[in-house]
Amino acid sequence: MIGRSKAKAAASVGRREGASQSRTGLRDRFRAWLRHHRLSAADSMTRVMDNPLSSAMTWLVIGIALALPTGLNVALENVSQLSSSWDSPAQISLFLQDGVTDEQATALQSELAGRSDVATARFVSRDEALEEFRVLSGFADLLDSLDSNPLPHLLLVSPLEDGNQSRAAELRSQLQEYPGVAQAVLDMEWLQRLNSLMELGRSLVLAVGGLLVLGVLLILGNTIRLAIESRREEIVIVKLVGGSNAFVRRPFLYTGLWYGVGGGLFAGLLVAASVWFLARPVAELALLYDSEFTLRGLGIMGGLNLIILGGLLGLAGAWLAVTRHLVEIQPR
């Protein structure tokens, strides 16, 4: 019994020591892995900075490729911001025929105001319209030389606000059929066309951005391929002493990361410089239209996202290049 108890105790102690050694081995391996990551990151950064001109040119090319779609997207966002301030309720302008008198126009205004789908109807006489045009245009002397008033009577009809643009278009078609109406114009149609153009612009930005991202991957892949070729003998020696593909791949992945991060930083600077260059002329133009509109740039989060995107593209391009070319390098 005593011998059996001693055997069990010895086995228990052996298992604990084995588990302790296993945990110690895992910790050592993790520390070695982490240390190699730090060394690879530092060594890759040193190699990139040792060739400042070549690295700067690579960063600039990547930055331009990323800045083009980013700048277009910033422009679309600014136009969207501007158009949102124009998103007022739809209004239908009824231009009356030349033979319509003031009394007939007033009667038509009362009839339209009584419709259940019309909120308001306002009559603007041709004399009132001419006077308003005289004040706003500054062509008073030219208008005084005219023999007659060329402007027609106008009815401004505001549909009930239900957010349904199709109903406003249907109302415009119905008002077009009224006697004495020469033309009915839905004032929100231009805004709808602008929104359609903006949707088209977003699709174009995605298409151009996809092509340029592919170009960035090719640029990074070619850069990493040249780095691999310049260190071919070093790679062969590392493989001869038992280095794994992951061990060899790691420094090149960090090289791609630094190129991508630098390219994203350059792209953010290019977009910020473009916004700064255009901000003053745009503000002066907006001031002429009594608007407080100002250009918006990427912002801090947008710049960080661009840098992160560049870093991810750098990793992806480096991974593709290393995976392809590392297989071809084998010790003989």
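Modeller: One term before we start: contact means heavy atoms within 4.5 Å. With that in hand, Ser158 is in contact with Ala90, Gln91, Val118, Ala119 and Thr120, leaving aside its neighbours within four places in sequence. Keep in mind that this is a predicted model.

Biologist: Where is Ser158, and is it buried or exposed?

Modeller: Ser158 lies in strand β3. Its relative accessibility is 18%. Buried means under 20%, so Ser158 counts as buried.

Biologist: Back up a bit. How many helices and strands does the protein chain have?

Modeller: Ten helices and four strands. The pattern along the sequence reads α-α-β-α-β-α-α-β-α-β-α-α-α-α.

Biologist: And what share of the residues counts as buried?

Modeller: 31% of the 332 residues in the protein chain.

Biologist: What about sequence separation in the contacts?

Modeller: Take the contacts with a separation of 6 or more. Residues 24 or more positions apart account for 82% of them.

Biologist: OK, cores. Which residues have the most contacts inside the largest nonpolar core?

Modeller: Ile92, Leu94, Leu112, Val157 and Leu175. That core has 20 residues. At least two core residues come from each of β1 (92-96), α3 (102-113), β2 (118-124), β3 (154-159), α6 (165-176) and β4 (181-186).

Biologist: Pick Val157. What does it touch?

Modeller: Not counting residues up to four places away in sequence, Val157 touches Gln91, Ile92, Leu94, Leu112, Val118, Thr120, Ala121 and Leu175. There is also a second, separate core of 15 residues. Ile62, Leu66, Ala67 and Tyr259 are among its members.

Biologist: Staying with the strands for a moment, where does Ala184 sit?

Modeller: In strand β4. Ala184 is buried, at 5% relative accessible area.

Biologist: And which residues does Ala184 contact?

Modeller: Ile92, Ser93, Leu94, Arg172 and Gln176, with neighbours within four places in sequence left out. Ala184 and Ile92 are 92 residues apart in sequence, yet 6.6 Å apart in space, C-alpha to C-alpha.

Biologist: Now the helices. At what angle do α8 and α9 pack?

Modeller: About 150 degrees, with the axes 9 Å apart. Helix α8 covers residues 232-240 and helix α9 covers residues 245-288. Angles over 145 degrees count as roughly antiparallel, so α8 and α9 are roughly antiparallel to each other. Their crossing is right-handed.

Biologist: Which residues meet there?

Modeller: From α8, Ile235, Val238 and Lys239. They meet Asn245, Phe247, Val248 and Phe252 in α9. By class, this contact of α8 with α9 has five nonpolar, one polar and one charged residues.

Biologist: How do α9 and α10 cross?

Modeller: At roughly 145 degrees, with their axes coming within 6 Å. Helix α10 spans residues 299-326. The crossing of α9 and α10 is right-handed. The residues of this contact divide into 14 nonpolar, nine polar and one charged.

Biologist: Give me an example from α9. What does Val261 touch?

Modeller: Val261 is in helix α9. It touches Ile307, Gly310 and Gly311, not counting residues up to four places away in sequence. Val261 is partly exposed, at 27% relative accessible area.

Biologist: And Trp276, buried or exposed?

Modeller: Exposed, at 68% relative accessibility. Trp276 is also in helix α9. From Trp276 to Arg296 it is 9.4 Å, C-alpha to C-alpha, and 20 residues in sequence.

Biologist: Last one. Where is Thr223, and what does it contact?

Modeller: Thr223 is in helix α7, residues 189-230. Its contacts are Thr58 and Tyr259, leaving aside neighbours within four places in sequence. Tyr259 is one of the residues of that second core. Thr223 itself is buried, with a relative accessible area of 17%.

Note on methods: Residues numbered from 1 in each chain as written. Predicted model: local features only at pLDDT ≥ 70, side-chain atom pairs only at ≥ 80, totals over all residues. Heavy atoms only, no water. Core = buried A, V, L, I, M, F, W, Y, C linked by side-chain atoms within 4.5 Å. Buried < 20%, exposed > 50% of the residue type's maximum accessible area, 1.4 Å probe, protein only. Axes fitted to C-alpha atoms, helices over the stretch in contact; angles between N-to-C directions. Parallel < 35°, antiparallel > 145°, perpendicular 65-115°, else oblique. Left-handed = near helix turned anticlockwise from the far one by under 90°. Nonpolar A, V, L, I, M, F, W, Y, C, P; charged D, E, K, R; others polar.
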